[in-house]
Amino acid sequence: METLQFLMEGFAVALTPTNLLLALCGAFLGTLIGALPGLGPANGVAILIPLAFTLGLPPESAMILLTSVYAGAMYGGRISSILLNIPGDEPAMMTCLDGYPMAKNGKAAEALAVSAIASFIGGLIGTIGLILLAPILARFALTFGPAEYFALFVLAFATLGGITGKNPMKTVVAATLGIMISTVGIDISTGTQRYTFGVLELYEGIDFILAIVGLFAISELLLFIEERAGKGRALIQVGKLKLSMKDIYSILPTTFRGGILGFVAGVLPGAGASLGSFIAYTLEKKALGKKGRFGEGDMRGVAAPEAGNNGASSGALVPMLTLGVPGSGTTAVLLAMLISLNITPGPLMFTQNADIVWGVIAALLIGNLLLLVLNIPMIGVFVKVLSVPPMYLLPMVTMIAFVGIYSISHSTFDLYFMVAFGVAGYILRKLEMPLVPIILGMLLGPEMEKNLGHAMIISDGNWGILWGTPLAVGLWLVAGLGLILPYLIGPILRHRMRNAIKEDAVSD
Amino acid sequence: MKFKQSLSLLAAAAFSVSAMAWEPSGRVECIAPADPGGGWDFTCRSVGNVMEELGMVPGSVQTTNMAGAGGGVAFAHTVSKRNDDSKLLVAASTATTTRLAQQQFPGMNAGMVKWVGALGADYGIIAVSQDSDYENLNDLMDAVKADPRSVKFAGGSANGGWDHLKVLIAAKAAGAGSLPSIPYLSYNNGGEAMTQVIGGHVDAFTGDISEATGFIDSGDLRVLAVLAEERLPGKFGNIPTAREQGIEALGPNWRGFYMPTNADPEAKEYWVNAIDELYASDEWKAVMARNGLIPFHPPADEFEAFVTQQVDDIETLSREIGLLR
């Protein structure tokens, strides 16, 4: 009942004309960004952070804009999967398997519509899950002391590579890089400066936002300049939509199962949306067995992963909002944004910043509805955008990045820093180094260090405190599993994924 | 209070005489040494507005944000590049004096600028969770005296920062020995620290009264003492001071300004008097009431001495806990 009341207050925040407009803009821009191959949701949110600062938005509006972008990017990822057989982002990979064959069979419009409906239902299930679970977990989060937090951060690092991660060593290197960057500045546990070399600008450490915008947005521009990808892409023609109520009805059970599975996968720290769509697709394929024609353009093969990744995107917000531990790369970027808005995620946020938390949740519900409306009648617009040459899009992105970063601190030093991160991001991408673990390392590293220090102070140096409570032991066990499972199951799963894609290619 | 008022009347009278000598013309700048939205930014903007209302400045006061090194970038800028600027004010607070005392601004000290005045404060508190066994500050300090490691404190500043120092000020005033062994857990902000105290993981919270308002209202946090000279006005009136519990501990986090030391001497006098007059105005009282600022205003001629004393005290404390050598 209390939750319902908070939700109503959240709607009051989200339904003000400005915030509603921002949600609409965010949903639209998010879909666009998601649709462009290469620009995933994490990049999308990172690129639009400066926009929020440029506009000088209050915290709740800034968060509403960015979560709408996030939800939109999850929708958008499917468009290029279906039309180009290139996933717009990693979670949309599984949508290629049945989406592209459907499009080749002249059913592109149907595939896009079915996936939009599945995304909507998945997103709705995920958001309802978030509404039910988050307040409970927020209250439970008070029982997290330094030892439990330390175990939780270990868990987040352990599951970082995730099951879909390609090269675990590169993930480790990237996360370590992030932790190294985060050690610059004052060490709050001792009050001493580390790696500042007497440069005053470094005393407060390196801002996450600078690193994020530099690594993602600026490196994107550099890559583009190198590729000179001035041409648009050849697209499959989208025909007239012929979708009956019977078709929609037939995908419903699949969609519900996918949404719930996705949500659960999303809640696990580190796992995220890719796992959500993958689990939803493979389990659905198993469940239906011979009744389905998965891989040949089965509508349910489009619905399952889309419901899965949209459920997971809301699920990943649960640990981010309640514990301050991001469940995925994109939520890590959102977390950095919250911190730079001077808001501390965690159990406190639900009491101290209730308007922001519930405003964002209400905005997710509204955003989902807006996205469904945007994505069925207006699908033609997004399809056209796919053929817009990036030479017009990227300069805009760069301009927004510079203006936005400058408007945060009015410091040219920060701009140089951002460019330096951009160049570093470009080099790392050339080395096929994943960028998201760098951000997670920057965010989680200092917290892990701090909580270890605190646990030691509380226990007077007794390491036993780290596994002193059942909760801590449980977290250590999950962390252990998270570390070992990818090595046991990962190769098998990846092998199957590859096979599935190969089979698909053969059946063309 | 009466004494202070008559003093500021005197100062206002003096101001009207000296105003003939020097008056700002053109643009007046106020540097907030942090990003928009924080305390320093608030000091600059609200004081700038009231100065305009009272006609103390010809045009408007322009606020410039210059973040970095907890105020160090702005301090260095003032000392090295603007040292004779007569129309520059820089927002400062106890955080500034703490960093100066601990030599966190390399090669710089409090004597390099002219301290103009303070316009209010946020007071330090020591609080425990609602279900804690400690009923008053003496209970808590007795436990610290018996075993310095028995009470763990959490606060929102770095080790050696202002929140940590308040614990040490109180413990020292209560007569506790071995200050360095009192455990202090530093968090990124007061909110995180309070969560840990309310969750029962840490024994006591040290911070400012403004950041704890939400939890005081909800009843989760019990404030054992406020580190002020007398009880705070308004709804905080039922919180006892440390002083009335027999512990002479004061922890005002004041808000005020410094300016370049080589500015025109008449200009320096003008700004000192202007702050005095502004503090006495109804317009400023309304700003303080709206934003939860608590009265704090050392007389104009005593402010520099107050800052010097605060820097010395913090330096001594920092040496005692081994942060400075």
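Residues are numbered from 1 along each chain as its sequence is written, while chains are lettered from A and ligands numbered from 1 in the order in which they are written.

**Helix pair in chain A**

- The axes of α4 (residues 59-84) and α13 (residues 329-340) of chain A cross at roughly 170° and come within 11 Å.
- Axes are lines fitted to C-alpha atoms, for helices over the stretch in contact, with angles from 0 to 180 degrees between N-to-C directions.
- From α4(A), the residues A:Ala62, A:Leu66, A:Thr67 and A:Tyr70 meet A:Thr330, A:Leu334 and A:Met337 of α13(A).
- This contact of α4(A) with α13(A) has five nonpolar, two polar and no charged residues.
- Nonpolar covers Ala, Val, Leu, Ile, Met, Phe, Trp, Tyr, Cys and Pro; charged covers Asp, Glu, Lys and Arg; the others, Gly among them, are polar.

**Chain A overall**

- Chain A has 20 helices and two strands.
- Both are DSSP runs numbered from the N terminus: helices are H or I with at least four residues, strands E with at least two.
- Of the 508 residues in chain A, 58% are buried.
- Buried means 20 or more other C-beta atoms within 10 Å of the residue's own, exposed 12 or fewer, and partly exposed in between, with C-beta atoms placed from the backbone.
- Among contacts in chain A with a separation of 6 or more, 81% join residues 24 or more positions apart.
- Two residues are in contact if their C-beta atoms, placed from the backbone, lie within 7 Å.

**Confidence in chain A**

- Mean pLDDT (the predictor's confidence in each residue, from 0 to 100) is 81 for chain A, and 87% of the residues score at least 70.
- Where pLDDT is low, the predicted coordinates should not be read in detail.

**Contact between chains A and B**

- Chain B gives 30 residues to the contact and chain A gives 29.
- On the chain B side, α3 (72-81), β6 (184-186) and α7 (190-198) each give two or more residues.
- The largest share of that side, five residues, comes from α7(B).
- By class, the chain B side has ten nonpolar, 16 polar and four charged residues.

**Domains of chain B**

- Chain B divides into domain 1 (2-121 + 252-320) and domain 2 (123-245), with bounds from an automatic or database domain assignment.
- Their C-alpha centres lie 28 Å apart.
- Between them, 13 residues of domain 1 are in contact with 13 residues of domain 2.
- On the domain 1 side, α4 (94-101), β9 (252-260) and α11 (303-320) of chain B each supply at least two residues.
- The largest share of the domain 1 side, four residues, comes from α11(B).

**Positive phi outside glycine**

- A:Glu432 has a positive phi near 60° and lies in the loop between α18 and α19 (436-458) of chain A.
- With 9 C-beta neighbours inside 10 Å, A:Glu432 counts as exposed.
- B:Gln103 has a positive phi of about 55° and sits in the loop between α4 and β4 (113-129) of chain B.
- B:Gln103 is partly exposed, with 14 other C-beta atoms within 10 Å.

Terms used. This is a predicted model: local features need pLDDT of at least 70, side-chain atom pairs count only at pLDDT 80 or more; totals for chains, interfaces and linings use all residues.
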